[in-house]
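Subject: Structure for your review

Dear colleague,

Please find below the structure that I am handing over to you. I would be grateful if you kept it open while reading the notes that follow it.

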Amino acid sequence: MVFLYVQADTAGLAAVRNIVRRSFPKAPQLSTEALASWLNDTNRPTPILLDVRSEEEYAWSHLAGAERVDPGSKPNAIQSYLETERPLVLYCAVGYRSSELTELINISGYTNVYNLDGSIYKWANEGRPLVSASGEAQTVKPYGPSNARLLKSPYRGSPSP
């Protein structure tokens with residue numbers, strides 16, 4: 001895992017996204033704009049969304065319809081998702097954990113699997129919808145205090161210690 005002290009908001013997140021892309025070149029990236037369009041397109045099969053974050057992060061907020069997968073999972077842990085005909089889109093906080101799993105899946109020979117570029121931080125920073133078990137959510141639980149600044153302040157939850 002890469003830990004950096006970075007600039008706040010979009011400039012810092014753009015730098016982290018570049019690091020993620022270089023670290024996992026075999027993880028196809030899907031933009032937040034493309035996912036939002038896809039989710040609204042009734043002519044395409046809805047992708048399975050997999051949230052590769054901790055239970056605490058997921059419980060705070062996630063993308064509607066997403067199912068949680070343990071960080072550090074291997075492709076065999078999500079075999080049931082891989083056996084469907086539906087495409088998979090994985091995400092985490094900034095894309096590191098989900099890109100790692102996306103790359104492992106692609107190396108294993110599966111296709112139609114993508115990482116959400118910028119993951120939930122970029123999604124939230126763009127004001128896109130989030131949910132929790134209690135309904136609509138407005139903020140994201142940061143992965144840690146050092147990367148909380150990657151979230152614009154209206155979307156930043158309390159960082160984990």
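This is a predicted model: local features need pLDDT of at least 70, side-chain atom pairs count only at pLDDT 80 or more; totals for chains, interfaces and linings use all residues.

Residues are numbered from 1 along each chain as its sequence is written, and side-chain values use heavy atoms, with hydrogens and water left out.

Aromatic pairs

Rings of Phe, Tyr and Trp (its six-membered ring) pair if their centres lie within 6.5 Å; planes under 30 degrees apart count as stacked, over 60 as edge-to-face and the rest as tilted. By this rule there are two aromatic pairs. Phe24 and Tyr96 form an edge-to-face pair, 4.9 Å centre to centre with 80° between the planes. Phe24 lies in the loop between α1 and β1 and Tyr96 in helix α5, so the pair ties together parts that are 72 residues apart in sequence. Helices (H or I, at least four residues) and strands (E, at least two) are DSSP runs, numbered from the N terminus.

The rings of Trp38 and Tyr114 are also edge-to-face, because their planes stand at 80°, with the centres 6.2 Å apart. This pair links helix α2, which holds Trp38, to strand β5, which holds Tyr114, across 76 residues. Trp38 is buried at 5% relative accessible area, while Tyr114 is partly exposed at 23%; buried means under 20%, exposed over 50% and partly exposed in between (1.4 Å probe, protein chains only).

Charges over rings

The charged end of Arg44 sits over the ring of Trp38, 4.1 Å from its centre. The term requires NZ of Lys or CZ of Arg within 6 Å of the ring centre and within 35 degrees of the ring normal.

Salt bridges

The structure holds 10 salt bridges (a side-chain nitrogen of Lys or Arg within 4 Å of a carboxyl oxygen of Asp or Glu). One of them joins Arg21 and Asp117 at 3.1 Å, N to O. Arg21 lies in helix α1 and Asp117 in the loop between β5 and α6, so this bridge ties together parts 96 residues apart in sequence. Glu33, Lys122, Glu126 and Arg128 are linked in a network of salt bridges.

A buried residue

Asn125 lies in helix α6 and is buried at 7% relative accessible area. Leaving aside neighbours within four places in sequence, Asn125 is in contact (heavy atoms within 4.5 Å) with Leu13, Leu150, Leu151, Lys152 and Tyr155.

Yours sincerely
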